[in-house]
Amino acid sequence: MTTEIKICGLSTAEAVDRAAELNAGMAGFIFFEKSPRHVAVDTAAKLAERARARDLKTVAVTVNMDDAGLDEIVKRMKPDWLQLHGGESPDRTAELKARYGLPVMKAFAIREAADLDCIGPYEGIADRFLFDAKPPKGSDLPGGNGVSFDWRLLATLDGAASYMLSGGLTKDNVGEALRISGATMVDVSSGVESAPGVKDFGMMDAFVRAVRDAGLTARSGSQE
Ligand SMILES: O=C(O)c1ccccc1NCC(=O)[C@H](O)[C@H](O)COP(=O)(O)O
């Protein structure tokens with residue numbers, strides 16, 4: 001099975017093209033003004049069209065956004081997925097899923113085992129979870145902080161949860177992260193950037209190669 005990869009925080013046509021050439025699978029666009037990765041809806045609409053034409057699934061990443069903002073994004077960008085990266089409640093998540101008829105990925109900030117208890121009320125509502133690290137003290141961003149958490153916590157999940165592993169992943173640690181957590185989907189943003197918001201194609205290539213190599217190692221290991 002190929003590990004699904006979401007490259008998040010894309011903001012240029014060239015980066016979208018590279019993600020597609022690498023068969024990343026998913027492209028994330030950030031709608032959060034304080035983020036160095038923030039894109040205007042017009043830009044996201046153009047980039048998403050380009051991504052779709054290249055077989056990438058598009059993800060609109062939002063944080064506690066109101067209906068008016070979401071209506072505009074959904075109408076113009078036409079994302080394949082909505083990622084809710086704030087404190088959206090289970091009711092709000094269900095409401096948005098029904099309002100837009102889109103699959104929803106709900107993000108959770110994880111530091112300790114108890115943080116995983118939060119997913120219970122979202123089961124059967126969110127189509128996928130995204131487990132990220134808690135932002136460091138003083139950060140203005142709920143995501144994209146380049147911080148990882150203890151991947152061993154995810155090994156306690158029963159296997160029924162569909163989730164992406166996120167937070168501080170790089171080419172150097174993603175193989176170990178996959179092995180320890182048992183994740184089958186990963187998400188990366190700052191780990192493929194040369195500066196905040198600037199995607200580096202060499203780093204994107206190396207990250208995807210590391211994920212694919214980890215899959216090959218796991219498969220050859222299981223045949224022994
Ligand atoms: O990336 C951002 O700037 C961002 C801002 C506000 C909300 C969410 C954001 N990112 C969401 C993601 O899905 C990131 O890929 C995820 O947090 C991992 O980021 P990183 O640790 O930099 O790989």
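Tutor: By class, the shell around the ligand has nine nonpolar, 14 polar and three charged residues. Nonpolar means Ala, Val, Leu, Ile, Met, Phe, Trp, Tyr, Cys or Pro, charged means Asp, Glu, Lys or Arg, and the others, Gly among them, are polar. The model is predicted: local features need pLDDT of at least 70 and side-chain atom pairs count only at pLDDT 80 or more, whereas totals for chains, interfaces and linings use all residues. Residues are numbered from 1 along each chain as its sequence is written.

Student: Which of the 26 residues around the ligand come nearest?

Tutor: They are Cys 8, Ser 35, Gly 143, Gly 144 and Ser 190. A residue is near a molecule or strand if its C-beta atom, placed from the backbone, lies within 6 Å of it.

Student: Why is Ser 148 called partly exposed?

Tutor: Ser 148 has 18 other C-beta atoms within 10 Å. A residue is buried with 20 or more other C-beta atoms (placed from the backbone) within 10 Å of its own, exposed with 12 or fewer, and partly exposed in between. The value for Ser 148 lies in between, and therefore the residue is partly exposed. Ser 148 is in the loop between strand S6 (128-133) and strand S7 (163-165); strands (E, at least two residues) and helices (H or I, at least four) are DSSP runs, numbered from the N terminus.

Student: How do you know that the buried residues of helix H1 (residues 13-21) share a side, and which residues are they?

Tutor: The buried residues of H1 are Ala 15, Val 16, Arg 18 and Ala 19. They cover an arc of only 165° around the axis, so they lie on the same side of H1. The arc is that of the directions from the helix axis to the C-beta atoms.

Student: How do you know that the chain agrees with a compact globule?

Tutor: With 224 residues, such a globule would have a radius of gyration near 17 Å; the chain has 16 Å, which agrees. The radius is taken over C-alpha atoms, and the globule rule is 2.2 Å times the number of residues to the power 0.38.
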